[in-house]
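Here is a short briefing to read alongside the model. Please keep the viewer open as you go through the points.

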Amino acid sequence: MSDEPTQYTVLLYSDDAAVRDRIRMAIGVRPAADLKVEFADAATWEDCRDLLDKYEIDLMVLDGEASPAGGLGIARQTKDEYATPPPVCVVIARAADRWLAAYAQVDQTLVAPLDPVTTGQTVAAMLRARRNGAIPLGTLGTLG
């Protein structure tokens with residue numbers, strides 16, 4: 001087995017570049033020793049759709065406060081429109097919004113302001129689960 005970390009692509013969505021940068025910094029390019037992350041940025045739902053259609057996205061991290069398309073809406077639309085969507089993590093402003101995240105079939109939530117330790121652990125666990133064949137919420141078929 002190789003000692004090289006496994007490379008993953010994480011889609012970051014927010015209409016605000018500064019928010020995407022804060023999320024990127026909280027995750028880091030090495031959220032764990034066995035994982036390496038490259039980021040794809042999206043500022044609109046159309047950008048998200050384009051990246052999902054053209055590239056293999058391993059995880060989506062969405063800004064729940066983005067406008068006009070919020071991360072929760074994009075999460076639900078992704079789950080509705082793609083037979084095998086990537087897992088989705090949404091950054092929410094209030095822990096009380098987790099019920100909305102559950103309705104949107106979000107796999108995990110993080111509460112802003114982001115704690116880098118919690119964020120890195122959450123992203124690492126989601127990427128490892130994907131590597132091990134976990135099926136994201138809302139998936140219509142099986143992965144593979």
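**Helix H3 and its surroundings**

Helix H3 (residues 71-81) has these buried residues: Gly71, Leu72, Ile74, Ala75, Thr78 and Lys79; buried means under 20% relative accessible area, with a 1.4 Å probe and protein chains only. Viewed down the axis of H3, they fall within an arc of 165°, so they line one face of the helix; the arc is that of the directions from the helix axis to the C-beta atoms. Helices (H or I, at least four residues) and strands (E, at least two) are DSSP runs, numbered from the N terminus.

This is a predicted model, in which local features need pLDDT of at least 70 and side-chain atom pairs count only at pLDDT 80 or more, while totals for chains, interfaces and linings use all residues. Residues are numbered from 1 along each chain as its sequence is written, and side-chain values use heavy atoms, with hydrogens and water left out.

**Packing around H3**

- The buried residues of H3 pack against E1, helix H2 (45-54), strand E3 (59-63), strand E4 (88-92) and H4, where contact means heavy atoms within 4.5 Å.
- Ala104 sits in the loop between helix H4 (98-103) and strand E5 (108-111), and is buried at a relative accessible area of 3%.
- Beyond its neighbours within four places in sequence, Ala104 is in contact with Leu72, Ala75, Arg76 and Lys79.
- Between the C-alpha atoms of Ala104 and Lys79, which are 25 residues apart along the chain, the separation is 8.1 Å.

**Asp63**

- UniProt lists Asp63 for "modified residue: 4-aspartylphosphate" in an unreviewed entry; positions are given in the numbering used here, feature names are shortened, and annotations may be inferred rather than shown by experiment.
- Asp63 lies in strand E3 and is buried, with a relative accessible area of 7%.
- Not counting residues up to four places away in sequence, Asp63 touches Tyr13, Ser14, Asp15, Val19, Gly70, Gly71 and Val91.
- A polar atom of the Asp63 side chain lies 2.9 Å from the backbone nitrogen of Glu65.

**Strands E1 and E2**

- Strands E1 (residues 6-13) and E2 (residues 35-42) run parallel and are joined by 8 bridges; two strands pair if DSSP finds at least two bridges between them.
- Leu11 stands opposite Ala40 in E2.

**Helix H5**

- Thr122 is found in helix H5 (residues 116-131) and counts as buried at 15% relative accessibility.
- Apart from neighbours within four places in sequence, Thr122 is in contact with Cys89, Gln108 and Leu110.

Note on methods
Buried means under 20% relative accessible area, exposed over 50%, partly exposed in between (1.4 Å probe, protein chains only). A polar contact is a pair of N or O atoms within 3.5 Å; within protein, one must be able to donate a hydrogen and the other to accept it, and residues adjacent in sequence count only if both atoms are side-chain atoms.
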